[in-house]
Amino acid sequence: MLMLSECVALGLCGKYGIPNELSPGGTGPGLTRPARSQVKPAPFAYHRAHSVAEAVALLAELGEEAKILAGGLSLVPMMNFRLARPTALVDVSRIDGLSYLRADAAGAAGLRIGALTTHRTVETSRDPAVLNGFGVLPRSARWIGHYPIRSRGTFGGSIAHAGPASEWCLLAVLLAARIVLTGPDGQRTVPAADFFEGYYSTASTAAEMCPVDIVHLQTPSQFSETGAKGMGEGGTIGAPAAVLGAINDALSDTDVRFDHIPVLPQDLSAALNQAGAVP
Ligand SMILES: Cc1cc2nc3c(=O)[nH]c(=O)nc-3n(C[C@H](O)[C@H](O)[C@H](O)COP(=O)(O)OP(=O)(O)OC[C@H]3O[C@@H](n4cnc5c(N)ncnc54)[C@H](O)[C@@H]3O)c2cc1C
C-alpha cells in the first residue's frame with residue numbers, strides 16, 4: 001500500500017495529509033463517528049516496478065483496474081477528482097533505461113523515444129539524430145504546459161493518455177509513428193493511426209506497458225516529405241494551438257498556413273495535397 005511519505009510526494013493527501021487507512025474515526029474516547037475520507041483519491045494499492053518485465057507481470061496479476069503511474073500529471077488529478085479509481089498503481093517511474101531519444105539502430109530514417117523520456121528531455125535535445133529531420137519535436141515540446149509539467153511528464157504517459165490536446169499524440173499520427181506495446185504475450189507494434197481510437201482511448205490493453213520504445217517515427221519531420229501515411233485515417237487527434245507554430249514552420253516552403261485550431265490531421269492532409277506538398 002502507499003506509504004505516507006509517498007502520498008505526500010504524489011500530492012495525494014487531503015487537508016490533513018493523512019491517508020484513509022491512518023485516519024482516525026471520531027474525535028476522542030467513546031466517540032463512534034465513522035472515519036471520513038481525508039484524501040482525494042479512492043483507496044488504491046501502490047507497487048513500484050523495477051523493470052518492464054516486473055511492471056507487465058504486476059499489471060497482469062493486479063487485473064484490469066490497475067494502472068501504470070509514470071509522471072502522474074494526468075492520472076493523479078483524475079484520481080483526485082475520482083474520475084479515475086484504479087484499485088492499484090504500478091509505478092514505472094524508477095525503471096532504468098527508458099529515457100532516451102536515439103536514431104533507429106537499423107539505420108533507417110527513424111527515431112526511437114523511450115517511454116520515460118520527459119517532455120523537457122525532448123525539448124533540450126541537441127542530438128543531431130533528433131534535430132536532423134525531427135526538429136519539430138523539440139520545437140513543439142517547448143509549448144507543452146509549463147516547466148514543471150515538461151520536466152516531469154513523460155512521452156509514454158502522454159501517448160498512453162491520448163489527450164485530445166496532446167502535442168505528442170498529434171505528431172505521432174502525423175509522422176506515422178509506431179507504438180511498441182509490451183504485454184504478457186511479448187511485444188506488438190501498432191501504427192499511431194490505429195493506436196488512437198478516440199479521446200483518451202487507445203488500442204492498448206490494461207496489461208500492456210506502452211511501450212519500451214514508445215514510438216518509432218519512420219519519416220523525417222519535414223511535413224512536406226512525410227507523405228503523412230495514415231494522416232487522414234487516424235483523424236481523432238486535433239492539433240492544439242501549441243503545435244500550430246511548428247506546423248506552420250514546417251510548411252514555410254508551401255502556400256499552406258493554418259491560423260485556426262483545432263487542425264485535424266485530415267485537414268492538414270487535404271491542405272497539403274492541395275498545395276502539392278505531399279508526393
Ligand atoms: C497543468 C498541466 C498542463 C499540461 N499541458 C499540456 C500540454 O500543453 N500539452 C500536452 O501534451 N500535455 C499537457 N499536459 C499533460 C502532460 O503532458 C502529462 O505529462 C501527460 O499527459 C501524461 O504523462 P505522465 O507521464 O504524467 O503520465 P501519467 O499521468 O502518469 O499517466 C497518464 C496515463 O497513461 C498511462 N501510462 C503512463 N505511462 C504509461 C506507459 N509507459 N505505458 C502505458 N500506460 C502508461 C497511465 O496509466 C495513465 O492512464 C499537461 C498537464 C498538466 C497537469
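Between which two helices does the loop that holds Ala-162 lie? The place of Ala-162 is the loop between α8 (155-161) and α9 (167-174), where helices (H or I, at least four residues) and strands (E, at least two) are DSSP runs numbered from the N terminus. This is a predicted model, in which local features need pLDDT of at least 70, side-chain atom pairs count only at pLDDT 80 or more, and totals for chains, interfaces and linings use all residues. Residues are numbered from 1 along each chain as its sequence is written.

**Overall make-up**
- The protein chain contains 14 helices and ten strands.
- Of its 279 residues, 42% count as buried (20 or more other C-beta atoms within 10 Å of the residue's own; exposed means 12 or fewer, partly exposed in between, with C-beta atoms placed from the backbone).

**Surroundings of the ligand**
- The ligand is surrounded by 28 residues, the closest being Gly-71, Gly-145, Gly-153, Gly-156 and Gly-157; a residue is near if its C-beta atom, placed from the backbone, lies within 6 Å.
- α8 gives the most to this shell, with five residues, and β2 (66-69) is also among the elements that supply at least two.
- Because domain 1 (4-91) and domain 2 (98-279) both give residues to the shell, the ligand lies between them; the domain bounds come from an automatic or database assignment.

**Backbone exceptions**
- Most residues other than glycine have a negative phi.
- Ala-162 has a positive phi near 55 degrees and is buried, with 23 other C-beta atoms within 10 Å.
- Arg-82, in the loop between α3 (75-80) and β3 (88-91), has a positive phi of about 60 degrees and is exposed, with 10 other C-beta atoms within 10 Å.
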